[in-house]
Amino acid sequence: MVLDVKLDTIEGWLNLDKESGISSFGALKLLKRKLGVKKAGYVGTLDPIATGVLIIALGRTTKLIPQFDDSFKEYEFTIEWGTETDTLDSEGTVLRSGGLIPSMSAILAVLPSFLGEQLQVPPRFSAIHVNGIRAYLLARAGMEFQMQPRRIIIHSIECIKHSSGQSVLRVSCSKGTYVRAIARDIAHKLGSLAFVSRIRRTKSGVFDITSGNKLSEITKEHIIPPSAPFKTLSP
């Protein structure tokens with residue numbers, strides 16, 4: 001169903017709660033079709049398995065994307081211990097298994113070492129360009145290449161749930177941070193292996209998941225004025 005809104009009048013922001021199993025670009029394409037919008041863009045890519053806050057700019061608002069402050073993000077993610085995949089998530093091929101299962105106390109002991117500014121090596125399966133080519137394309141082709149460390153900031157990180165073989169963590173961080181890499185690095189520091197089975201972005205800049213809407217729920221009433229994120233908009 002295409003909503004009854006004139007194309008030329010649609011502009012502003014949408015807080016889309018992206019569902020798992022679709023890329024950010026795929027979600028954008030479906031949203032454009034539903035709204036009948038010709039021009040739209042998004043702020044901050046989410047992995048296909050990830051859900052949560054995906055900020056959409058509509059119409060002329062796309063020109064404001066470079067000014068949008070998405071430097072602060074928050075995620076909740078589930079770590080599966082004892083196995084590492086090539087993609088560092090549940091969709092990848094198993095590389096190694098048999099790693100130890102850390103205790104809650106061991107996890108809590110290492111988390112403070114991940115706070116603050118640091119260098120992070122992104123996953124090989126990522127959208128980062130390596131010599132002009134997306135890294136995931138090189139990885140899929142089986143080519144050898146090195147991912148260069150990138151400077152990130154982790155503002156806070158906590159383990160909010162732990163059971164045998166699985167932990168749920170919450171992290172607030174700078175843009176450009178890869179949650180899959182956080183899980184990998186925590187596991188390696190603990191002498192273990194891990195991959196991420198669930199990622200949910202709960203905050204991006206001033207937008208919060210509590211005000212997000214799934215694609216099936218989106219209506220024109222959910223469109224936020226273009227200037228709103230640049231004013232006082234409580235998450």
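Helices (H or I, at least four residues) and strands (E, at least two) in this tour are DSSP runs, numbered from the N terminus. What you have open is a predicted model, where local features need pLDDT of at least 70, side-chain atom pairs count only at pLDDT 80 or more, and totals for chains, interfaces and linings use all residues. Residues are numbered from 1 along each chain as its sequence is written, and side-chain values use heavy atoms, with hydrogens and water left out.

**Stop 1: helix α4**

Select residues 179–189, which make up helix α4. To colour the buried positions, pick V179, R180, A181, I182, A183, R184, I186 and A187. Following α4 you will find G191, with a positive phi near 75°.

Now zoom in on R184, which belongs to α4. This arginine is buried, at a relative accessible area of 11%. Setting aside residues up to four places away in sequence, R184 is in contact (heavy atoms within 4.5 Å) with E84, L88, V121, P122 and P123.

**Stop 2: charges over rings**

Show K189 and F114 next. The charged end of K189 sits over the F114 ring, 5.5 Å from its centre; the test here is NZ of Lys or CZ of Arg within 6 Å of the ring centre and within 35 degrees of the ring normal. Then move to R124, which lies over the face of F145, 4.1 Å from the ring centre.

**Stop 3**

How many aromatic pairs does a search of the whole structure find? There are 2, where rings of Phe, Tyr and Trp (its six-membered ring) pair if their centres lie within 6.5 Å, and planes under 30 degrees apart count as stacked, over 60 as edge-to-face and the rest as tilted. Select W13 and F68: this pair is tilted, at 5.2 Å centre to centre with 40° between the planes. W13 lies in strand β1 (residues 12–18) and F68 in the loop between β3 (51–58) and β4 (73–81), so the pair ties together parts that are 55 residues apart in sequence. W13 and F68 are both buried.

Is L14 buried or exposed? With 0% relative accessibility, L14 counts as buried. Beyond its neighbours within four places in sequence, its contacts include L31, L35, L54, I218 and H222.

**Stop 4: helix α1**

Jump to S24, in helix α1 (residues 24–35). S24 is buried, with a relative accessible area of 1%. Apart from neighbours within four places in sequence, S24 contacts K18, Y42, T45, L46 and L54.

**Stop 5: the largest pocket**

Select T45, L46, D47, A127 and Y178, which lie nearest the centre of the largest pocket among its 33 lining residues. Helices α1, α3 (135–140) and α4, with strands β4 and β12 (194–204), each supply at least two residues of this lining.

**Last stop: the annotated span**

Finally, highlight residues 32–179, which an unreviewed UniProt entry annotates as "domain: Pseudouridine synthase II N-terminal". UniProt positions are given in the numbering used here, feature names are shortened, and annotations may be inferred rather than shown by experiment. The end C-alpha atoms of residues 32–179 are 28 Å apart, and the span is 12% helix and 40% strand.

Conventions:
Buried < 20%, exposed > 50% of the residue type's maximum accessible area, 1.4 Å probe, protein only. 1 Å grid on protein atoms, 1.4 Å probe; cavity = no way out; pocket = protein on both sides within 12 Å on 5 of 7 lines; lining within 4 Å.
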